[in-house]
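Hi,

My notes on its pockets follow below.

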Amino acid sequence: MNNKLFWFIAFVLAALFSCWATSTSLLLMMPTLFSPNPIIRTIMVWVLVFLVFVLSSMSIKWIIDALRNECDNRRTMFWGGLATLIVTWILISLPTNAHTFFYNQQIGAVLSEDLTNTENYSQQLANRSNVDSAFYDLEKKVLQKFSDFTKEVSTGYTSQKFGGVGPEAIKYFTEVNELMGSEYQLPTPATTTRATSEEKRRIIDNLHAKLISNLEQKKLDQYVASKEIAKDAQDDIKKMNLMQDTVQNLIATNRISEMASEPVIRQTNAVLQDAYTTIKNGSSFVKFNKGDKEIYTADNIETRTSRFFNPYVVMYDFFCGKYTWTFIFWILLSIVIDLMGFFFYYQWKK
């Protein structure tokens with residue numbers, strides 16, 4: 001009796017530790033699972049995960065009993081136990097336990113990196129510093145047509161006449177205006193086919209100065225982030241700076257993985273969601289690091305922080321090489337803890 005009591009207590013302790021890790025992970029992934037009431041939610045999740053752990057433990061015993069020929073219907077017990085083990089342990093308990101351990105160790109680093117990276121992209125929009133590459137294609141075409149206009153005015157190289165502002169020059173000038181669009185067109189110069197060199201140079205210089213000014217205005221109006229996006233980005237930066245200060249304080253005091261810090265983490269993720277949306281809206285004006293554009297412009301925006309809430313996404317990202325191999329340690333630790341619980345259960349029920 002004493003031995004059975006010992007194995008029972010050992011099993012319960014192992015189960016409680018494993019269930020804590022499983023329930024923590026599930027609530028990170030689904031914070032309103034079962035009920036919006038935190039007390040009811042916690043009780044129901046714990047009942048669920050404890051049942052899962054018990055079923056996993058029972059399935060191990062079924063498999064062992066079937067292999068040792070200590071039960072009827074060996075085939076049914078073996079395959080039923082294996083199927084139950086896959087569903088309850090491989091698919092639920094193991095990944096969620098490893099996720100909780102890894103999350104508690106890494107959440108501070110993930111938050112800091114996400115905030116820093118996102119603030120960098122937001123700053124580009126706030127500064128309106130990046131120009132859409134399409135502008136440079138337009139600028140090249142416009143300046144080439146204006147160069148043709150300049151040559152025609154100066155020498156008449158197309159018409160082989162005297163130069164000046166004649167039909168051929170006007171043709172090139174019209175093409176310049178067509179490329180620039182109605183809001184940025186230059187005033188058509190008066191026809192003067194026998195102008196002096198000084199007059200030709202004055203016409204060209206005046207129009208060139210106006211063209212450069214119009215190109216710069218067109219760039220600011222159409223090929224850099226709009227003022228509205230820049231303002232949104234500035235607001236996002238202010239919020240991220242506040243959250244970064246709070247997060248760094250929690251990291252410095254080793255409180256970032258405590259349950260009391262979860263509201264701060266959720267609030268930080270909400271701020272990041274807004275910033276991701278602004279960056280997506282202004283993505284043409286952002287220079288992304290390798291692999292980041294797909295993350296910030298996805299149809300369904302998911303921050304790096306929110307991805308870290310999901311145990312199955314973390315597992316997927318690990319196998320895709322996005323996390324270091326130290327994650328294996330947490331997988332092995334989860335396996336050891338659960339196998340201890342299964343062993344205690346088997347000894348208790350043997």
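How much space lies in the largest pocket? The answer is about 550 Å³. Please keep in mind as you read that this is a predicted model.

Let me start with what surrounds that space. The largest pocket has a lining of 21 residues. If you want to find its centre on screen, look for Glu 113, Arg 304, Asp 317, Lys 322 and Tyr 323, which lie nearest to it. Three elements, α3 (74–127), α9 (292–296) and α10 (304–308), each give two or more residues to this lining. The largest share comes from α3, with seven residues. By class, the lining of the largest pocket holds nine charged residues, seven nonpolar and five polar.

Now for the second largest pocket. Its volume is about 450 Å³, and 18 residues line it. Nearest the centre of this second pocket you will find Thr 24, Leu 27, Leu 28, Met 259 and Glu 262. Here the elements that contribute two or more residues to the lining are α1 (2–29), α2 (38–67), α3 and α8 (262–281). The most comes from α1, which gives five residues.

Which classes of residue make up the lining of the second largest pocket? There are 10 nonpolar residues, five polar and three charged.

Technical notes: Residues are numbered from 1 along each chain as its sequence is written. This is a predicted model: local features need pLDDT of at least 70, side-chain atom pairs count only at pLDDT 80 or more; totals for chains, interfaces and linings use all residues. Side-chain values use heavy atoms; hydrogens and water are left out. On a 1 Å grid over the protein atoms alone, a cavity is a set of points where a 1.4 Å probe fits but cannot get out, and a pocket is an open set with protein on both sides within 12 Å along at least five of seven lines; lining residues have an atom within 4 Å of a point. Grid points are joined across faces, edges and corners, and a volume is the space filled by probe spheres set on the points. Helices (H or I, at least four residues) and strands (E, at least two) are DSSP runs, numbered from the N terminus. Ala, Val, Leu, Ile, Met, Phe, Trp, Tyr, Cys and Pro count as nonpolar, Asp, Glu, Lys and Arg as charged, and the others, Gly among them, as polar.
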